[in-house]
Amino acid sequence: RGYLSLTQGPNVVLFSTTKTEKRKPLFKWAGPIAETRHVLLAKKSRSLTVDCFESSFKYKVGAIKDDAAAQLLIAKGFDAAKIDYGAHGHALAKQLKYDRIDIWAYDEGVARWFLSQNGMNNDDYEAVYTLSVADMYFAFSKDVPDHLVDQMQQKIDSIRSTSDAQKKSQYDEIIEKYY
């Protein structure tokens, strides 16, 4: 819903959004905020292997519609009609747990958070393939005034910078605490 709202406006900002080549011209951007790693996540006990992207075609893959990982799957040649779309991360975590999907395409950190929120042990799951490593941003609908996007960018830049007396920036402290 958030991504759909972002595409339609008016005056929408979405935190956080992966900036991909496909998405770049669609929105206004402030960031980067953090790095994201989109992976294919599977149960270790299933011993699934994805040596190359095409070898993922034989598995039942779950993703969230319009999520960056779903868009990456399709851009790399995965048949969109064969993706099992879940409404949200909780649903896909449970589908993975109960073997309704073989692989979950998603941001690894967020997927692992959903696994733990659903009482699942992260040690039982592994990334079997990396789709991409990219930066996450605040994405603004095109109608948001440039000066507001510029103000956000200035604030992001200010927390990323350090003074001579600082060993770490505010940004580094935030990343250490939450990532």
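Ala 30 stands opposite Phe 138 in strand 6. The model is predicted: local features need pLDDT of at least 70, side-chain atom pairs count only at pLDDT 80 or more, and totals for chains, interfaces and linings use all residues. Residues are numbered from 1 along each chain as its sequence is written, and side-chain values use heavy atoms, without hydrogens and water.

**The sheet.** Strand 2 and strand 6 (residues 125-140) pair in the antiparallel sense, over 13 bridges. Two strands pair if DSSP finds at least two bridges between them. Helices (H or I, at least four residues) and strands (E, at least two) are DSSP runs, numbered from the N terminus. The sheet is open and has six strands in the order 1-6-2-5-3-4, with mixed pairing. Strand 1 and strand 4 (83-86) stand at the edges with a single partner strand each, so one side of each has no neighbour in the sheet. From one strand to the next, the twist averages 30°.

**Helices on the sheet.** Helix 2 (residues 68-75) lies across strand 1, strand 2, strand 3 (61-64), strand 4, strand 5 and strand 6. Helix 4 packs on the sheet and touches strand 2, strand 5 and strand 6. Contact means heavy atoms within 4.5 Å. Axes are lines fitted to C-alpha atoms, for helices over the stretch in contact, and angles run from 0 to 180 degrees between N-to-C directions.

| Helix | Strand | Angle |
|---|---|---|
| Helix 2 | Strand 4 | about 165° |
| Helix 4 | Strand 5 | about 115° |

**The largest pocket.** The largest pocket holds about 840 Å³ of space. A pocket is an open set of points on a 1 Å grid over the protein atoms alone, where a 1.4 Å probe fits, with protein on both sides within 12 Å along at least five of seven lines; lining residues have an atom within 4 Å of a point. Its volume is the space filled by probe spheres set on the points, which are joined across faces, edges and corners. The lining has 28 residues, and Leu 14, Ser 16, Ile 64, Asp 67 and Tyr 106 lie nearest the centre. Strand 1 gives the largest share, five residues.

**Gln 95.** Gln 95 sits in helix 3 (residues 89-97). Gln 95 counts as buried because its relative accessibility is 16%; buried means under 20% relative accessible area, exposed over 50%, partly exposed in between (1.4 Å probe, protein chains only). Beyond neighbours within four places in sequence, Gln 95 contacts Asp 84, Arg 100 and Ile 101.
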